[in-house]
Amino acid sequence: MFDTKIAIVLRNNLQSWQKLNVTAFLSTGIAGQCPDIIGEAYRDRVGNLYNAMSIQPMIVLSADEETIATIHRRSLERGVTSSIFIEEMFSTGHDAANRAVFSKFAPEDAKVVGIALRADKKIIDKITKGAAMHA
């Protein structure tokens, strides 16, 4: 049904609240990069209006530190723009602080805890090879 695939990969040693937090932040990055994935608003039977959501499913995967670093590297090598959440962002409280701490790291020393990507299905499958379905 879709030529593209959205994958969110989480580091497998995060606490539950961290997994949820990272997933939420990363999915907004995908929506910001690809606004065409947002459908129409929802309405219930009595006419209440609800926010529009993604028209495309998102797969959530899990990987260890080494594998998620490899996924990050592969995304850069293939020129796939991603949303990245690094460990140090857990200690900040707002967007400007997140960007400030993020800017202190390069791909080789970033402690990536989550990455979200959207691209052709085959490319996403190659980039995320080694990650498993999140349990």
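In what order do the 5 strands of the open sheet lie? The order is β5-β6-β1-β4-β7, with mixed pairing. This is a predicted model, in which local features need pLDDT of at least 70 and side-chain atom pairs count only at pLDDT 80 or more, while totals for chains, interfaces and linings use all residues. Residues are numbered from 1 along each chain as its sequence is written, and side-chain values use heavy atoms, with hydrogens and water left out.

**Fold and overall form**

- The protein chain has 4 helices and 7 strands; these are DSSP runs numbered from the N terminus, with helices being H or I of at least four residues and strands being E of at least two.
- Along the sequence, the elements follow the pattern β-α-β-β-β-α-β-α-β-α-β.
- The radius of gyration is 16 Å, close to the 14 Å from the globule rule for 135 residues, so the protein chain is as compact as a globular protein of that length.
- That radius is taken over C-alpha atoms, and the globule rule is 2.2 Å times the number of residues to the power 0.38.
- The C-alpha trace spans about 50 × 35 × 30 Å along its principal axes.

**The sheet**

- Strands of a sheet pair through backbone hydrogen bonds, either parallel or antiparallel.
- Two strands count as paired if DSSP finds at least two bridges between them.
- The edge strands, β5 (82-86) and β7 (132-133), each pair on one side only.
- Strand β1 (residues 4-11) pairs with β4 in the parallel sense over 6 bridges, and isoleucine 6 has methionine 58 of β4 as its bridge partner.
- Strand β4 (residues 58-63) and β7 run antiparallel and are joined by 2 bridges; serine 62 has alanine 132 of β7 as its bridge partner.

**Burial, contacts and surface**

- Of the 135 residues in the protein chain, 36% are buried (under 20% relative accessible area, with a 1.4 Å probe and protein chains only).
- Among contacts (heavy atoms within 4.5 Å) with a separation of 6 or more, 75% come from residues 24 or more positions apart.
- The protein chain exposes about 8200 Å², and carbon and sulfur atoms supply 53% of it; accessible areas come from the Shrake-Rupley method with a 1.4 Å probe.

Key
Buried < 20%, exposed > 50% of the residue type's maximum accessible area, 1.4 Å probe, protein only.
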